Amino acid sequence: MWAGITIGIGITLLCRWLFKKVKPVSPVQSTISTFGNHSKDIMYIFEVKPVYRFRYISPSLDDHIGAGTVKASYADPSECFDRIHPEDVEILMSKLSGNCNYEEPFTQRWRTNDGTYTWFEEYTTPIYEQGELVAVQGVIRNMDAAKTKQRELEQLYRQDPLTGLLNRHTFDGLLKEMMQASPVRLGVIALDLNDLKQINDRFGHVAGDALLQQTALCLSRCAFEAYRLGGDEFVIICRDHAEQDCLLLVEQLRSEFIKHELSVAIGFAYNPATTDLADVLRKADQAMYRDKQTTKLLV
């Protein structure tokens with residue numbers, strides 16, 4: 001990481017020196033090009049005054065965005081405004097106006113020639129003359145792979161790896177979130193897969209895992225928040241829904257489990273105005289254990 005920052009600072013200082021010291025005559029353009037052409041990162045110098053224009057763009061921009069982007073940007077500086085993600089336009093404008101912290105990197109998305117958006121991280125340096133912002137120059141690095149990896153890690157952090165449902169960690173976060181929020185209508189459906197231990201003992205954990213995955217698949221089809229709390233324990237959270245809608249979901253789940261020959265105990269609890277998810281879950285668990293006595297099947 002430090003090596004990348006050091007390289008970025010070095011490129012930044014060189015571009016700044018070139019902009020300040022020399023006018024855009026042929027030998028200087030050759031020097032910038034020689035340096036920029038050997039970098040996978042994107043280097044640029046953008047003039048703010050007297051007119052908007054690119055003084056330099058490294059050819060690597062075409063590699064990241066698409067063929068012809070460099071040429072189009074030289075011809076029309078508004079090309080960058082057309083390509084930036086609508087939610088990131090404010091970032092671009094702040095860089096060009098000086099109303100930002102240039103000490104921090106800018107993260108933004110740019111549209112490629114195929115219509116998709118790619119994440120970039122940019123280190124930008126302002127160039128002033130007599131106290132007035134006249135240009136900005138920077139180094140831009142493609143962060144798409146890093147962003148994808150980050151999303152994957154976040155997904156693993158939030159989801160149960162076996163079933164793909166939300167996990168206990170995410171549920172615990174919801175408990176805290178709701179305690180700090182306004183009261184809502186809250187329905188909780190607690191579910192427990194019957195006889196999982198016996199199935200694991202007789203047929204192995206592969207068979208048990210398959211049952212857990214089949215159960216989760218049934219839960220994931222409903223338009224509510226479904227969690228695996230651990231082992232064979234599942235829960236569905238119905239926030240801000242009428243009690244009748246929740247009861248209808250319970251019946252739909254029972255039918256779905258019968259269709260797939262799954263033995264699942266179900267308990268339901270409801271509160272018309274609460275922030276205490278733990279209390280409603282406790283009551284749903286109690287109802288589920290009562291149901292378990294009548295639905296449990298021996299293998």
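Here are some friendly notes on the structure above, one topic per point.

1. **Ground rules.** This is a predicted model, in which local features need pLDDT of at least 70 and side-chain atom pairs count only at pLDDT 80 or more, while totals for chains, interfaces and linings use all residues. Residues are numbered from 1 along each chain as its sequence is written, and side-chain values use heavy atoms, with hydrogens and water left out.

2. **Overall make-up.** The protein chain holds 12 helices and 9 strands; these are DSSP runs numbered from the N terminus, with helices being H or I of at least four residues and strands E of at least two. Of its 299 residues, 42% are buried (under 20% relative accessible area, with exposed over 50% and partly exposed in between; 1.4 Å probe, protein chains only).

3. **The open sheet.** Look for 4 strands in the order β7-β8-β6-β9, with antiparallel pairing (two strands pair if DSSP finds at least two bridges between them). The edge strands, β7 (225-230) and β9 (264-274), each pair on one side only. From one strand to the next, the twist averages 20° (axes are lines fitted to C-alpha atoms, for helices over the stretch in contact, and angles run from 0 to 180 degrees between N-to-C directions).

4. **Inside and across the sheet.** Strand β6 (residues 184-193) pairs with β9 over 9 bridges, and L191 has I266 in β9 as its bridge partner. Helix α8 (residues 168-179) lies across β6, β7, β8 (233-239) and β9, at about 115° to β7.

5. **The largest nonpolar core.** This core has 23 residues, and I189, L191 and I266 are among those with the most contacts inside it (a nonpolar core is a set of buried Ala, Val, Leu, Ile, Met, Phe, Trp, Tyr and Cys residues joined through side-chain atoms within 4.5 Å). At least two residues come from each of β6, α10 (205-220), β8, α11 (243-259) and β9, and α11 gives the most, with 5 residues. Beyond its neighbours within four places in sequence, L191 has contacts including L219, I236, L253, F257 and M288 (contact means heavy atoms within 4.5 Å).

6. T118 is found in strand β4 (residues 117-129). Is T118 buried or exposed? T118 counts as buried because its relative accessible area is 8%. Leaving aside neighbours within four places in sequence, T118 touches Q108, R109, W110, T112, N142 and D144.
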